[in-house]
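Me: Could you show me, with a worked case, how one reads the packing of helices and the layout of a sheet?

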Amino acid sequence: MEPRSAGNLSRVRKTKACPVCLRNGRLTCRRTRTGEPCQKSGSSACLDVLKRARAAFRAGRMAPESFRLAQLEALERMLMEHESDFVDALDRDLRKPRFETVMSELMVVKNEALHAASSLKKWMQPQRMERSWATAFDDCMVVSEPLGVVLIVGNWTSPVQLCLVPLVGAIAAGNCVIICPSEVCSHTAELLHRLLPAYLDNECYHSVLAAGHEVPEIVDLKFDHVFFSGTREDGLKAAQAAARTLARTTLLLSGKNPCYVDRQCDINTTARRISWARFQNAGQSAVAPDYVLCHADTHECLVQALRCALQQFYGSEPRESKSFGRQVSEENFSKVREALLRSGKVAVGGQVNEAEKYIAPTVLVDVVESDPIMQQDVFGPVLPILSVQSADEAVAFINSREKPLCVYVYSSNSKVISKIMAETCSGSFCSNDSALQSVMVGLPFGGVGASGLGSYHGRYSFDAFSHKKSCLLRSTRIECVTYLRYPPYEDRNLSLATLTSSLSLRSQGWCSIL
């Protein structure tokens, strides 16, 4: 990798560099390393590929089931053949351990692709609807149609998964797709930009490299659906841009995910599962528990159990552990460090190293709601703990804040679990574990309110990227009934129509005689 020096910065400025190269101050794209200009990127590049994608969609290239299956198989093959490349890219961007890359990024996408491929035939079939006596000779069905050209904007917290899992659903639904990987993880973005054209159809599927501030301008180009994952602030800008063109949207936004730890729970298992979810990828996750609401009776036991769990996971010096990553950027490092220093009291960890962008796995106690760590979206290895006296108090605290993407509860009391699940509102819910509900192909995953809009995964991804068209194929054999609706209108016909309707099932309603 080229060092960031005055000479390199000068060469970057003289070269027709893309936003990723300009941001890094070095030529990282493959084309620039061979002395060629960067591929045109941003909104101008997107406009070019959007025209090609629209032409491909109008031609119906992606309509056949066989074409969609071939693209899903090619995507899976890309992940298998370039696993080491993805591991290397994420190591350079996040110092993400190979285990985490394979488990939380590549395997998740592979599972989605395999599930979609095995289920595609069933998903594409029209859904036959129940007939009434008035439609006994007709066919009522719902047909799934592709929307058109889809834009997928990925987030840097899971730069592969958040680009490719939605891509699987969009391919299965028969759309053309343009993905925009996060520029923050520049090596991963460049890898996706280079590999996708080598495996997927070059007219239907494209990627563009763009800076974050360019996303609203790209959305303005008019897509049929926009899938956005990222912060609330950036999501709002993308949604406003999409609204101007009446594009459908799926928004997966960050927030503060609460985790209630009841006094009736297996404290050691609880500590391990919370630690695993909170501190993997060095805490840079949108689905990890952001803070713990701990019953006062178990507060001290939980802190000690968390200390033991971190010792088991990363040893006495996490900085030396090959299982612990680094902050993605100096900007994120500074934000997490400031929130850490200005909130509560450090009970575990707290060490930082600016040169390495390293922040130790940290547990904070004596935290209050007004602390910065509780007011900001913090993507880092910091876990604040607040004490509550009961599940009722935990519910009240959760409901006093914006609706989160995830709510977690650890308890061996099923009534407590049911209470938290029923009395709080969130995009997803999980008891006695964390994050797993966000990667299951059989469950929809998405936000609600401030944490997002819409959902995806498995069949829900197919539905998200499809238009459900209502189709009624009528017969002409029951004109003896339908003639009652025609002018000239007479009271006698209205009485007969009313009587006919009353004979049908109440749930089928008045319109069944039409």
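Me: At what angle do the axes of helix 6 and helix 9 cross?

Reply: Two packed helices are described by the angle between their axes and the distance between those axes. Here, helix 6 (residues 83–94) and helix 9 (residues 186–199) have axes that come within 7 Å and cross at roughly 150°, where axes are lines fitted to C-alpha atoms over the stretch in contact and angles run from 0 to 180 degrees between N-to-C directions. Helix 6 is therefore roughly antiparallel (over 145 degrees) to helix 9. The model is predicted, with local features needing pLDDT of at least 70, side-chain atom pairs pLDDT 80 or more, and totals for chains, interfaces and linings using all residues. Numbering starts from 1 along each chain as its sequence is written, and side-chain values use heavy atoms, without hydrogens or water.

Me: What is the order of the strands in the open sheet?

Reply: Its six strands run in the order 5-4-3-6-7-17, with mixed pairing, and two strands pair if DSSP finds at least two bridges between them. Strand 5 (205–207) and strand 17 (452–453) are the edge strands, each pairing on one side only. Helix 4 (residues 42–59) packs on this sheet, touching strand 3 (149–153), strand 4 (176–180) and strand 5, and its direction makes about 160° with that of strand 4. Helices (H or I, at least four residues) and strands (E, at least two) are DSSP runs numbered from the N terminus.

Methods. Parallel < 35°, antiparallel > 145°, perpendicular 65-115°, else oblique. Contact = heavy atoms within 4.5 Å.
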